[in-house]
Amino acid sequence: MIKIDSLTFQYPQTSQPALKNISLEIPSGSLTLVTGPTGSGKSTFLRCLNGLVPHFSGGTITGELQIFGHDPISEGTETISARVGFVFQEPEAQFLFDVVEDEIVFSLENAGMPREQMHVRVNQAIRQMGLEGIRNRNIHEISGGEKQKLAIASALVNLPDMLVLDEPTSQLDPASAKDLMTYITRLKRDLGLTVVVSEHRLERLLPFVDFIAYLTPDHTLHFGTPQEVLPEMAQVPPLIKIAKEMKITPLPLRVDDFPEYEYPAILREKGFPKSAPKQAQNPVLEINKLSASLGKQQVLDQVDLQLYPGEVLTLVGTNGAGKTTLLRSILGLIPSDGERYLLGEKMGAMDLENIIHQIGYLPQNPNDLLFAETVLDELQFTLKNHQKSMSDEALTVFLSKFGLAEMQNRYPRDLSVGERQRTALAAITVHKPGILLLDEPTRGMDYNAKRKLTNLLRDWRTKGKSILLVTHDVEFAAGLADRVLIIEHGKVRFTGSPGAAFSEFPGFETQTARLFPHSGWITAEDCLSQLKSEINLSKSPDQQS
Amino acid sequence: MTASLPWILWLAANLALLLSTRNPIYLLLNLTGLFLTGNMLAQKRTQTSWVQQNLRFLLTMILLSTLINTLFSHTGATVLFSLPETWPLVGGDITLESMVYGAINGVIIGALYLTFNILNLALSIKQIIRLIPRAFYPAAMIVTVALTFFPSIQERAREIKEAQMIRGSKMKKVTDWLPILIPLLVTSLERAFLLSESMTSRGFHAHQESRHSRLAIVGLTLAAFCIFSGWVFTMYDYPKWVTFCLFGVGGSFFLILLILLGRQTRVTHFHQESWHIKDILGTVLFSSSLIVFIALRLSNQLESLSYSPYMALSPPTFQWGCLLFCASSLFPIFLKSND
Amino acid sequence: MKHHYGSNLINLLVFILGFLSLVAPFVLPQARSQLSSGASFPIMVSLILVLCLVIILLEIQTSSLDSKMIAFLGMLIAINAGLRFLENAIPGPAGFSPVFFLIILTGYFFGSQIGFLTGAMTMFVSGLITGGVGTWLPGQMITAGWVGQSAALISWLVKNLKLQGKTGEIILLAAFGAGWGLLYGVVMNLWFWPYLASNTSQSWVQGAAFIENVQHYSAYYLATSVVWDITRAVANVLMMSLMARPVLKILARFKNRFRFTHSAGRNL
């Protein structure tokens, strides 16, 4: 049982408290979701639960905190770390060793446990998380989902009372995320573990959740069952948004709980909208039968791709399907077989310099690009590389499109996550390339930031730019894509309209598509706008259910 | 022979030999054994050019050493030619004896290098880290972290480099490293922070300063001074028992304190090294070899070990027993584990 | 970082020990008589060095290392070891070593103990990775450690001359890098030289012996490594002047987060 009373915490050398007057009670054996926009204090709150705040971070704290009878504030991290297991957001950053088994055993070795006892605990943890097959494998070689399971196993060996997870699925694709949550729920059920998870992508967690702790930007807390808290929340998954609009109570937490929906007669007659594929002009980017290998393994097999002007082409696939490799092959960074054409010219014969005049590339981690003193300097750096120049005033105007005009003289590392990403975006588009490649731009971003990014990309599209978007975030892609390419094991599985891609392929269905099969709706906006317009047209009174 | 202890003993035995002799016959025999053993291990690790690479290094070493000694040392009976005396330092006779002396030096250095190189081949990195005494557990942790993250940092550096290249950065001047180093540094340090949170969450305790550790360190310093003075005294020809005492007291004190400090960390180890018959054989063989060698040496039974080409070049002597000691460098071949 | 008088004393004693071992070949011609029987002289030097290293490491461990510092140093050293790889891979002039400028900056910013650790551990880890664990590793570790340790002196200088943030700071650091570029070679050769030292079986006159030894050593140094060392010094100056400012800025951001803190209690 976790009891928190009037908890207030402020990091050293900051002017505002990170947590203000938090009070709640979490019953044992429950699964609590902690959510809220970026900067609301979720990470800080989680770290209070195992003593990292304030003992590791410094700072000042007041209030009462009781974790299964212990007080982390006065006791320190050593006693609490045995009772509370913690899993971090970035899988790689939490591992010390390179072999799975060594990692699991680390906390036991630190506790000076005798060898026979260690064997028992280790085997148990491995069994609980289904890691028998990879027990002696190198950590660098296992998948993201397996890494997070390993992180949980490393915590389970201590036989903790509680498991705290900080955005555990943010780097995982939908299938691995679901798998992980299934394991976690099983642990909760079989071991009576209390689980506290923070997450942005609520749709992944809602089916499993007992309580929600919602932290708002002004640092207040709403705590209660999903039915109590969801109505208060501004940003909710499509399922909830639609249910709210259609006034369905109680709010369904999973797709299966959504009541059978009788499509209104008018829609059944008129048919449903589907997004049409773009008209065939000459493609700006054309890839024919591209194959590539990394080392001995073949990663891409005869991939065909066309990117037309003024469209957003979304590349979806599970992690490891070869999406990033495809981007790198297109740019010529790794050798490949097959033909690549940029604006009709063979790319194999072009200098990298000429290729990049036309292309902007945003890597998975936009922080990889930022190194200069100010935002303006970042832009100037790119311009200089392309032997172009722009006046400071022109740059300010350019930056205002990204909402960064006031920050042009700030040190990029001081900005927030979303601002940093937009800085990187500005830095790679300042030389006005016609084609944009984006690799997983929505990692760790809340709904707000995603919305801003969507608007920015839509704006570019109207200006005629072509965008190749690589992502496994189907909800985000559904709101933006003109065409979709699904890649599986290095082969193209499907090319075509988003309506088909996001409703007919398991693993890539959006929530809306699952709610309303055969409707062609893939986002909540599709559904709601259609409903509203058709409802008004037909003036039918039978929608007040 | 896969366990660490027999290999450490082999190293000690070989070092003891190499450091006790200048006899070219023994040295060459030992070298041959080293090359054979090294080749066997390198084949296991599919490093086919090990012998060539190290042969080249050895020859370079011998050449360099010969050159230096010949140019700067002008003693010896057999004069090959003379440089004018007025030339600073190099002026004087160039003698055959100093060439031979230089060559022998080079052989010793090369053999020392090879011995350690072979140890690196024989033991895995994990085994080497396990050998670090417990008193250094935090430092060993640093090594572990560095080794674990080394490949992912390289990978990250590559990703950053590619991203910056696409942005137009050309990698020509040194300044072009800055767009790679800075993001790499920041990302790695952010990760380091997460990593340390992860370590703390799993019960890793930092060493707290205590009066005991302070005292122990002072004690260690004193012990080191003991050993140092013992060494100085040997050079000034003090009676042997004085130096023995100093070495003995200093050495044992040092080791005891180190062990006590190690006890402060209550860390246990999950993995046990598995020992085969060949490991036991190796341990017995090399430890006894070491002990016998030292005993014979101290009782001055092994005159043929010391050899000097000065003043006039003369052929070296040898004793059959010594040949056996020299050949011990290739015994690991017979103890090769089949896997 | 905390500094007791006790720890300073120990550091001093150990430094003296190491220094004496270094200069013994010059000052103790009696060492010569040993040489006909083998190379035990330089091995004793290595042994004393290892003892010094042990003591310094233990001292630093107990006073400055917590999990934050361990993770921080682990990462930094992984980066530095990677740079050392570049040193071998880049077809630059021999001796161009990008490793030192990070060691100097870390010592400059975080203090002598962390600086020493950075230098020593970089050498150890890159030795492990390249399979180059050998008899000269203790020498490399201590010398690189001294580079980092002495960088803390620059920080004292900069504070007193109030040069933070100004070009003067960078100039001092670059000059320091240049100095150590040469000095590192000098010191490293001192470890190595006794192995190669010539000998005669003549007896020596005390005074003359010292000077002659120094002459011999200088000649050896000039002949073999001065080119390396000048390149190294140039490399240090280059890297320092170009990269010190941004790197320092980053270290400053992280300094507070990685500070060694004791358990915090209730307060406000």
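1. Starting with contacts in chain B: of those between residues at least 6 apart in sequence, 71% join residues at least 24 apart. Contact here means that the C-beta atoms of two residues, placed from the backbone, lie within 7 Å.

2. A quick word on conventions: this is a predicted model, where local features need pLDDT of at least 70, side-chain atom pairs count only at pLDDT 80 or more, and totals for chains, interfaces and linings use all residues. Residues are numbered from 1 along each chain as its sequence is written, while chains are lettered from A and ligands numbered from 1 in the order in which they are written.

3. On overall shape, chain B has a radius of gyration of 26 Å, whereas a compact globule of 339 residues would come in near 20 Å. That radius is taken over C-alpha atoms, and the globule rule is 2.2 Å times the number of residues to the power 0.38. The C-alpha trace of chain B spans about 70 × 55 × 50 Å along its principal axes.

4. Chain B splits into domain 1 (4-132 + 277-333), domain 2 (134-201) and domain 3 (213-263); such bounds come from an automatic or database domain assignment. Taken over C-alpha atoms, the centres of domain 1 and domain 2 of chain B are 40 Å apart.

5. For secondary structure, chain B has 11 helices and two strands, in the order α-α-α-β-β-α-α-α-α-α-α-α-α from the N terminus. These are DSSP runs numbered from the N terminus: helices are H or I with at least four residues, strands are E with at least two.

6. Burial next: 43% of the 339 residues in chain B are buried. The cut-offs are 20 or more other C-beta atoms within 10 Å of a residue's own for buried, 12 or fewer for exposed, and partly exposed in between, with C-beta atoms placed from the backbone.

7. Over in chain C, Ser21(C) sits in helix H1 (residues 5-27). Ser21(C) counts as buried because 24 other C-beta atoms lie within 10 Å. Leaving out residues up to four places away in sequence, Ser21(C) touches Val45(C), Ile48(C) and Leu49(C). Ser225(C) is 204 residues away along the chain from Ser21(C), and their C-alpha atoms are 21 Å apart.

8. Chain A has an open antiparallel sheet of four strands, ordered E11-E10-E13-E14. Its edges are E11 (297-307) and E14 (345-346), each of which pairs on one side only. Pairing requires that DSSP finds at least two bridges between two strands; E10 (residues 285-294) and E13 (residues 337-342) of chain A have five, in the antiparallel sense. Glu286(A) has Tyr341(A) as its bridge partner in E13(A).
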